[in-house]
12 protein chains.
Amino acid sequence: MSNHHTYKKIELVGSSHTSIEDAIGNALAEANKSVKNMEWFEVVETRGHIVNGSVGHYQVTLKIGFKIADS
Amino acid sequence: MSNHHTYKKIELVGSSHTSIEDAIGNALAEANKSVKNMEWFEVVETRGHIVNGSVGHYQVTLKIGFKIADS
Amino acid sequence: MSNHHTYKKIELVGSSHTSIEDAIGNALAEANKSVKNMEWFEVVETRGHIVNGSVGHYQVTLKIGFKIADS
Amino acid sequence: MSNHHTYKKIELVGSSHTSIEDAIGNALAEANKSVKNMEWFEVVETRGHIVNGSVGHYQVTLKIGFKIADS
Amino acid sequence: MSNHHTYKKIELVGSSHTSIEDAIGNALAEANKSVKNMEWFEVVETRGHIVNGSVGHYQVTLKIGFKIADS
Amino acid sequence: MSNHHTYKKIELVGSSHTSIEDAIGNALAEANKSVKNMEWFEVVETRGHIVNGSVGHYQVTLKIGFKIADS
Amino acid sequence: MSNHHTYKKIELVGSSHTSIEDAIGNALAEANKSVKNMEWFEVVETRGHIVNGSVGHYQVTLKIGFKIADS
Amino acid sequence: MSNHHTYKKIELVGSSHTSIEDAIGNALAEANKSVKNMEWFEVVETRGHIVNGSVGHYQVTLKIGFKIADS
Amino acid sequence: MSNHHTYKKIELVGSSHTSIEDAIGNALAEANKSVKNMEWFEVVETRGHIVNGSVGHYQVTLKIGFKIADS
Amino acid sequence: MSNHHTYKKIELVGSSHTSIEDAIGNALAEANKSVKNMEWFEVVETRGHIVNGSVGHYQVTLKIGFKIADS
Amino acid sequence: MSNHHTYKKIELVGSSHTSIEDAIGNALAEANKSVKNMEWFEVVETRGHIVNGSVGHYQVTLKIGFKIADS
Amino acid sequence: MSNHHTYKKIELVGSSHTSIEDAIGNALAEANKSVKNMEWFEVVETRGHIVNGSVGHYQVTLKIGFKIADS
């Protein structure tokens, strides 16, 4: 058994009408459908669309790190 | 009729006693008084003032992009 | 009496299960136990741990500026 | 007469279906309608939209510097 | 039906003997063979190889964003 | 009366034959002709022209923040 | 036959109790199980965990570039 | 006796009504009250407050490196 | 008992005649004399002095994160 | 015979009235008069002068890497 | 006669006991001994040595651009 | 005799099959053939080529600072 691990990082953009935290949660929920062993995220960029002079939705770009199985 | 558009970006700092999202919303609301066709924003910096050891208000610097009319 | 001031900046990482704002507040509350004259903070990085496919807790790195007493 | 000048920089996003150079030119042409004494530009970001698997249009963010009249 | 979407970003390097635009187009064409719903790209780096004192080929690193199906 | 404020940031380049501080002051003096409520500046870049092997003039790019009236 | 190639870059984090070079090697070995035509890597970040006041293991984030087959 | 040294870096903000150099000197003078073996500084940011359309005071953020005694 | 923790980050420069890893280890060993609960480090910069055309010693700037006791 | 090579990188600014690619080519052609073994270039900055509201010439800053002979 | 020019940029560190401007001037004076056609400079970094708790000398890293003769 | 010095910085890429430190040493050894008074180096980038799924050689870009003679 190896005594070290290797992780992969992928980059997603989550969106939400509600909040930055909700956009992060939506991206994680989507990634969780196909990625296992997700361990951490890093926010890379926060932006959003404007509709009628207020926030239409937040767009949060984040990197997600997960352990490669059997690494 | 032109088949391309030109956008301008301006940089504002919104503030709020409540949340980062509210500071963003306040900046957009203020910009909306004089700017038309606002389409997107990008968060550039998040900071704030401290009062009595807790957040006095959040200050969020953001760039706002809007389409130049008739461009 | 001096007519200028000197400030020191320290770097903390606050965490919260709830929100980015709460992680900031937790770091300030902790710093407030030993640091006086805190005046402003700057968010340096936002990240977090993932537990069972959703946010376990947010980790917000921030710099805190405070006036050096009698400076 | 002053022996120095002050310049202002504005940030625009030009777009084009054809090329990066054309997107720059479109932004300058649009700015030229209302700004005088434009002297230089700096490319800040190059991106674009994808339509049917190829470039729909290029979007080039640039800063434009112009001399403030009578400065 | 969800009222928000999640996007993934991948990083490619396209190359071309002709132009920067052609290197971008080549990367998109290659990605288009296996990726659906590509919506935008961002140029990350422009470089190239030199052959006999002139450009052998351009190498353009770009990120491509696409909507995750059913997100 | 609102209990928060919104600020706008503009980007200028001041120049001076004398010093970096003088270039900053010249930019502020020029901005002061048309902008009210200027509160802070941030130096973005320091450069200059060379004439006969010594500094012809300093060019200091700075952002200026001012409160939007009635915000 | 095409006279240009397209490359993809992925981001991994390798770890090692021994050295930075070993952490890089471990990430490459893990990637080599499933990725073909790997050509180069770029170190993005070097960090690590501390155990009992000394390095527990190094964590090296790197990007790996590989040629897309038949591109 | 060890043949290597360890240094610590702290981050201060000095201010001055006069010049950037004076703001640096004020920060060093303040640090010198409690820190020994200061060896170098690095300017991180230059900004300032504006009063009546001209510089109220310069604020220079700098890192100061000092040798840890007996390291 | 609090269900979250606050961490502090300090910045050190370790040096070594031997290797980058040894410079990191020396900084950690020095910090370990006075800091408890050190958990992770991040390499910020790698440089060094040159003596007679080869490396005299490596200088590695790193940030060290540690849990604030009772936080 | 050594089994490794050392490269040097120099920084040039090429200009052209026509295109970004042509500005790169002009810089390489000029470097080629005195530099041997040029292998690659990296674009560092793209900017230009504006004449009468359109691009007067593009200025592309690039780094050029070449193998040091007999290294 | 060519209607475009190529420039080269070199990187120097000037120092001075007096001021940042003087350190810039010293670097330019030194470069002027061997380099012709110097046109502009860009400040890359400002730092310095500390002697007895105050500035021993300023060290300003700058890039100098000059036209390549006959380009 | 002048009481200040001017330094020049050059950028090299050293390579090695063995380690990052060896790549740095190889670049310094090569520079040492033609450059005098080398005083320090700064690592700018660490990357490498991959051969058969493991490191073929490390490539370390570094800047080397040396005192200009008689400056």
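**Copy arrangement and strand 3 of chain B**

Only 14% of the interface residues of chain A are also interface residues in chain B, so the copies meet through different surfaces. Contact here means heavy atoms within 4.5 Å. The model is predicted: local features need pLDDT of at least 70, side-chain atom pairs count only at pLDDT 80 or more, and totals for chains, interfaces and linings use all residues. Residues are numbered from 1 along each chain as its sequence is written, chains are lettered from A and ligands numbered from 1 in the order in which they are written, and side-chain values use heavy atoms, without hydrogens and water.

Chain A superposes on chain B by a rotation of 120 degrees, with 0.0 Å of shift along the axis and an RMSD of 0.0 Å. The two copies are thus related as by a three-fold rotation axis. Within chain A, Ile20(A) has the C-alpha nearest the axis, 5.0 Å from it.

Strand 3 of chain B spans residues 54-67. Strands (E, at least two residues) are DSSP runs, numbered from the N terminus. Eleven of its 14 residues are buried, so strand 3 of chain B is largely enclosed by the rest of the structure. Buried means under 20% relative accessible area (1.4 Å probe, protein chains only).

Two strands pair if DSSP finds at least two bridges between them. Strand 1 (residues 7-16) of chain B runs antiparallel to strand 3 of chain B, joined by ten bridges. Here Lys9(B) has Gly65(B) as its bridge partner. Strand 2 (residues 38-51) of chain B also pairs with strand 3 of chain B in the antiparallel sense, over twelve bridges. His49(B) stands opposite His57(B). Two residues lie between the strands of this hairpin, where Asn52(B) takes a positive phi near 55 degrees.

How values were computed:
Copies are superposed by least squares on the C-alpha atoms of residues with pLDDT of at least 70 in both. Buried means under 20% relative accessible area, exposed over 50%, partly exposed in between (1.4 Å probe, protein chains only). Helices (H or I, at least four residues) and strands (E, at least two) are DSSP runs, numbered from the N terminus.
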